[in-house]
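Visitor: Hey, could you walk me through this protein? I'm new to reading structures.

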Amino acid sequence: MPAPVPDELNGRLRDTFERAYENVGIFEHKLTGTNRNVRVELTADSEDKVFNAISATSFLVVRNAGMENGAIDMVELFIRTTNGGAAGRFMLNRSDAAAIYNKSTSIQDYFIRKVIYLPSLLPTRLTAPLP
């Protein structure tokens with residue numbers, strides 16, 4: 001579970017993120033942070049929804065979530081499964097978002113290269129102590 005972050009998000013920015021996630025079928029989400037550095041915790045029940053969340057987040061970063069003044073620098077994205085397990089953590093910066101948005105990087109490639117593995121994501125044989 002990530003450490004708490006102060007909630008200083010603009011209401012319009014929060015609404016835009018929430019609508020984007022709901023449009024791709026993700027209805028469990030929590031946003032905190034600042035307008036420049038957003039932290040998102042969400043639940044995705046399939047690989048497709050994880051990729052859709054990354055895609056939607058990239059679009060929002062590139063488009064500054066429709067906000068005219070200011071820019072989103074980074075979105076810290078925590079994705080968990082419906083049973084509460086970790087599905088991945090990402091630090092999506094502007095250049096990564098632009099690469100996904102412009103299709104110079106596929107979402108699948110981004111996932112493989114940029115996922116920050118959490119112990120619960122690793123197979124048991126990799127996390128069990130050696131004999």
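Visitor: Is Y101 buried, exposed or partly exposed?

Guide: Y101 is partly exposed, with a relative accessible area of 33%. Buried means under 20% relative accessible area, exposed means over 50%, and partly exposed is in between, using a 1.4 Å probe and protein chains only. Just so you know, this is a predicted model, where local features need pLDDT of at least 70, side-chain atom pairs count only at pLDDT 80 or more, and totals for chains, interfaces and linings use all residues. Residues are numbered from 1 along each chain as its sequence is written, and side-chain values use heavy atoms, with hydrogens and water left out.

Visitor: Which residues of α3 are buried?

Guide: In helix α3, residues 94-101, they are D96, A97, A99 and I100. Seen down the axis of α3, these buried residues fall within an arc of 160°, so they line one face of the helix. The arc is taken from the directions from the helix axis to the C-beta atoms.

Visitor: Why would residues a few places apart point the same way?

Guide: An α-helix has 3.6 residues a turn, so residues three or four places apart point the same way.

Visitor: What covers the buried residues of α3?

Guide: The cover includes α2 (47-62), β4 (86-93) and α4 (107-114). A contact here means heavy atoms within 4.5 Å.

Visitor: Switching topic: how many aromatic pairs are there?

Guide: A search of the whole structure finds 5 aromatic pairs. Rings of Phe, Tyr and Trp (its six-membered ring) pair if their centres lie within 6.5 Å; planes under 30 degrees apart are stacked, over 60 edge-to-face, and the rest tilted. One of the pairs is F59 with Y101, tilted, at 5.9 Å centre to centre and 45° between the planes. That pair links distant parts of the chain, with F59 in helix α2 and Y101 in helix α3, 42 residues apart.

Visitor: How exposed is F59?

Guide: F59 is partly exposed, with a relative accessible area of 40%.

Visitor: Which residues do ring pairs link into a cluster?

Guide: They are F51, F90, Y110 and F111. F90 counts as buried, at 0% relative accessibility.

Notes:
Helices (H or I, at least four residues) and strands (E, at least two) are DSSP runs, numbered from the N terminus.
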